[in-house]
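Work through the exercises below with the sequence and the model open. Each task is followed by a solution in steps.

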Amino acid sequence: MMPIRHFFPVLLLAACCFVPFPAHSASAAAATEREAAPRPTIARLAAALGEARTNLDFTLHRLGPGGGPVLLVVGGIQGDEPGGFSAASLLVTSYAITSGQVWVVPNLNFPSIIERNRGGFGDMNRKFAHVDDKDPDYSAVRRIQDIIRDPQVSLILNLHDGSGFYRPTWENAMRNPKRWGQCVIIDQESLDASRFGQLGRMARNAVQDANKKLLKPEHRYHLKNTETRKGDLEMEKTLTYFAINQGKPSFGVEASKSFTTEYRSYYHIQVLESFMRQMGIGFKRDFPLTPAGVKTAINSDVGIALYDDRLVLPLDDARPSLGYVPLKKNAAVAAKCTKPLLAVLKDKDNWRVAYGNRTLTRLVPQYMDYDDSLSGLEITRDGKSVAVPIGEVVAVNNSFSIKSMPGYRVNAIGATKERDDGSECGVTLRRQDFMSRYSVDKGGTTYRVEVYRDNAFAGMILVRFGKALPASRDTLTAVGGSESSFGY
């Protein structure tokens, strides 16, 4: 059914939890097949990232069972370096740490990431020797300093994207000692009284490991020792040198800004995994370590859950704008997302969903009353009865219909078939029965099926026709804005 609503601006994003089927549907549900997932997939992934987001403060994710060394990985200290913060984000979403522990801050300067600049209030990586208490970055700098000082933290990696290609001797304008890309940086050769104090040796091992996996010979990594203590006034202000002065082994990792994001992240991950192996940290990765595998992992399972999963939006291949989004009247809203780099920002009368440097979609919402009496639907999918939790994405090959529910009305957004009373309850719908411009995705495969009780929104499921959506084919480097030519 074509939606008939008005447009209103409203804050988006919410916490999520699975609500069991109500008692009145228990016997019917027992006679049907339950969807395999015990809770909506998007909601499950979002819940795994922790508390709901209501601001752009950075997040700390502790991974692994503990009982061994702790690696702290920091991404996004400068917001125009997507290779670093995307690699850090993948640690959070696509790795299982099986021994030791990895702490990840993938979005240290989140406002800078969203705005795609080096730093909205100056370069945050020059504020670790001194930061004024009136500086807008003050809180973030002090918080990450406290994390670095934590006695559990054994070693720190700060991920960057740098200009050109560092070379120990001059080769040309893009390959010379003043460039920063494709190197592992140390401030000094060693650090006394530390388990991982042989900084030069560990960095050379990481360089050697990265160079075994080069995509082209000219991508070669090198070690860069800034010898900061000998009077490098700029490097004295950095996060890594602050860590060194706390007695913590610390390294900068650079990938070249000459690459698109997936290639930068590929090289970051090669270096990250070398350091994890050197520290004795066990891990499993759920994607193939190739640029294509990295790109797919970044673009897959992107979504937002709202209002206890009553409203869920998969955004892997989202349209540039999604209209008629039913949001709860007069309710404080908190955000949970499937990726630590997702945020929703006010954009004139609408809301922009940002993922790192990119805008995924803009939402045109409407305030509505909500009804929480329903936690699932019974549908016939390709001739088979299935019980589906509210908020789930359902794969359909040919057709589906929603079982009639007394007191509830079904609105399949974009459907051209309906009953005389305007509801799609009991109506068999196929892909050709939907107008593609109302799909959630650009491919025209995924549609919202919303349920109402009187005029109150009671929840929704999504129906996806055909095979699972491919990851977005869009380039990962943002289109608008220029990256800084500076390095570390």
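Two strands pair if DSSP finds at least two bridges between them. Helices (H or I, at least four residues) and strands (E, at least two) are DSSP runs, numbered from the N terminus. The model is predicted: local features need pLDDT of at least 70 and side-chain atom pairs count only at pLDDT 80 or more, while totals for chains, interfaces and linings use all residues. Residues are numbered from 1 along each chain as its sequence is written, and side-chain values use heavy atoms, with hydrogens and water left out.

**Exercise 1. Describe how β17 pairs with β16 and β18.**

Step 1. Strand β16 (residues 342-347) runs antiparallel to β17, with six bridges. K346 has W351 of β17 as its bridge partner.

Step 2. The hairpin of β16 and β17 has two residues between the strands, and K348 there has a positive phi near 60°.

Step 3. With strand β18 (residues 358-368), β17 again pairs in the antiparallel sense, over five bridges. V353 is opposite T361 of β18.

Step 4. The hairpin of β17 and β18 also has two residues between the strands; in this hairpin G356 takes a positive phi near 65°.

Step 5. Check the cover of β17 (residues 350-355): five of its six residues are buried. Buried means under 20% relative accessible area, exposed over 50% and partly exposed in between, with a 1.4 Å probe and protein chains only.

**Exercise 2. Give the strand order of the open sheet of four strands, and find its edges.**

Step 1. The order is β21-β26-β25-β23, and the pairing is mixed.

Step 2. β21 (393-396) and β23 (408-412) are the edge strands, each pairing on one side only.

Step 3. From one strand to the next, the twist averages 25°. For such angles, axes are lines fitted to C-alpha atoms (for helices over the stretch in contact), and angles run from 0 to 180 degrees between N-to-C directions.

Step 4. β21 pairs with strand β26 (residues 456-465) in the parallel sense, over four bridges. Within this sheet, V393 has L462 in β26 as its bridge partner.

**Exercise 3. Classify the aromatic pairs F259 with Y267 and F400 with F434.**

Step 1. Rings of Phe, Tyr and Trp (its six-membered ring) pair if their centres lie within 6.5 Å; planes under 30 degrees apart count as stacked, over 60 as edge-to-face and the rest as tilted. The structure holds 16 aromatic pairs.

Step 2. F259 and Y267 are 5.8 Å apart centre to centre with 35° between the planes, a tilted pair. Both residues, F259 and Y267, are buried.

Step 3. F400 and F434 are stacked, at 6.4 Å centre to centre and 20° between the planes. F400 is in strand β22 (residues 399-402) and F434 in the loop between β24 (429-430) and β25 (446-453), so this pair ties together parts 34 residues apart in sequence.

Step 4. F400 is buried at a relative accessible area of 1%, and F434 is buried at 7% relative accessibility.

Step 5. One aromatic cluster is formed by F165, Y221, F259, Y266 and Y267.

**Exercise 4. Is G67 buried or exposed, and where does it lie?**

Step 1. G67 is in the loop between β2 (61-66) and β3 (70-74).

Step 2. Its relative accessibility is 92%, so G67 counts as exposed.

Step 3. The C-alpha atoms of G67 and Q101 are separated by 7.7 Å, with the two residues 34 apart along the chain.
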